Structure formats: structure tokens, C-alpha cells
Amino acid sequence: MGTILLATDGSEYARQAAERAIELAEERGATLHVICVVDQRRFGDPALSSSELATIYAEDHAAVCVGEVTAMAEAHDVRVEGDTRHGIPHEVIREYADEIDAELIVVGEHGSHEEHFSGVGREVLEASDREVRVIEAEEQETEGE
């Protein structure tokens, strides 16, 4: 029995990564931990910032993202725990992986951040001593093909 960490941001790419992480958790009999990080570079402290509403929205969005993946995992009878945190995404993901002693970190290829989530995945991959899988987006057929 192991531990898998999925980092999500609610994007379609993250959903594909969630589906793969759930499959892996099922195959391994692992507990799936799901985290969504509210990027402090974009959303500061709500009590001190003029962007309080945007920060509250980002926090709510993070909770919804985690809730959706949690429901998906529970539907597959996968043990799952979710969390949201503030910080710099790649740093928080690595710190959380250390806290839960994750055997595997799963992230999507792209995401909804201004900088592509693959940048976050790349940062995690380069700085982590854990197994990291950056799940590539499935090719979408375009009209006329």
C-alpha cells in the first residue's frame, strides 16, 4: 500500500492527470492525496489585499477542484484525501509530497496558470527525488481531420 499525490488546478489537462492517478491508485492499492495550490504570486493574503474577492474565488475554485477529484476517486473505491494550500505551486507540491511520503507525484501537462502547469510539473520533476509523472494531454481531433 503506497501513497500517490495528484496536483490539480481544475483544467482539462489536470482532469486527465486525475483519471490516470486514480487508475494508478486502484492498480497499486494506494491512497490518493489531491492538492490544489492557490498561487500566492497571483493571489495574496485576502485580509491585506485589494484583490480580496479574487483570492476568495481562487480559494473556492481550489476547494471545488479537490472536491471533484475526491468524488471521482471515491466512485472507484480509491482511498482519497484532499487539501488546498497557498504558496508557490511547485514548492508546495514538493513539501506536501514530503509530508505524506508520496511514492509518486502526478501532474497534468498544462493548466490554468498564466505560466503553463507543465512549468510547475517540470519544476517538481527537476527538484524532487520522488517519481514524478507529467501526464501528457490527449490529442484532440480538429474539425476536418
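Throughout, buried means under 20% relative accessible area, exposed means over 50%, and partly exposed is in between, using a 1.4 Å probe and protein chains only. This is a predicted model, in which local features need pLDDT of at least 70, side-chain atom pairs count only at pLDDT 80 or more, and totals for chains, interfaces and linings use all residues. Residues are numbered from 1 along each chain as its sequence is written, and side-chain values use heavy atoms, with hydrogens and water left out. Helices (H or I, at least four residues) and strands (E, at least two) are DSSP runs, numbered from the N terminus.

1. Two aspartates with positive phi. Most residues other than glycine have a negative phi. Asp101 is not a glycine, yet its phi is positive, near 55°. Asp101 lies in the loop between helix H3 (89-100) and strand S4 (104-108), and it is exposed, with a relative accessible area of 53%.

2. The cysteines. How many disulfides are there? Taking a disulfide as a pair of cysteine sulfur atoms within 2.5 Å, the count is zero. For Cys36, the closest cysteine sulfur is in Cys65, at 4.4 Å, which is too far for a bond.

3. Strand S1. Is strand S1 (residues 3-7) enclosed or open? Five of its five residues are buried, so S1 is largely enclosed by the rest of the structure. In a regular strand the side chains alternate between the two faces of the sheet. Here both faces of S1 are covered: Thr3, Leu5 and Ala7 are buried on one side, and Ile4 and Leu6 on the other.

4. The partners of S1. Two strands pair if DSSP finds at least two bridges between them. S1 pairs with strand S2 (residues 31-39) in the parallel sense over five bridges, and Leu6 stands opposite Val34 in S2. S1 also pairs with S4 in the parallel sense, over three bridges; there the bridge partner of Leu5 is Ile105.

5. The expected span of a helix is 1.5 Å times one less than its number of residues. For the 17 residues of H1 (residues 12-28) that gives 24 Å, and the end C-alpha atoms are 24 Å apart, which agrees. Buried residues in H1 include Ala14, Gln16, Ile22 and Leu24. After H1 comes Gly29, with a positive phi near 65°. S1, H1 and S2 make a right-handed β-α-β unit: with the strands pointing away from the viewer, the path from the first strand over the helix to the second runs clockwise.

6. Val80. This residue is in strand S3 and counts as buried at 17% relative accessibility. Leaving aside neighbours within four places in sequence, Val80 is in contact (heavy atoms within 4.5 Å) with Leu32, Val34, Thr70, Ala73 and Glu74. Val80 and Ile4 are 76 residues apart in sequence, with their C-alpha atoms 9.5 Å apart in space.
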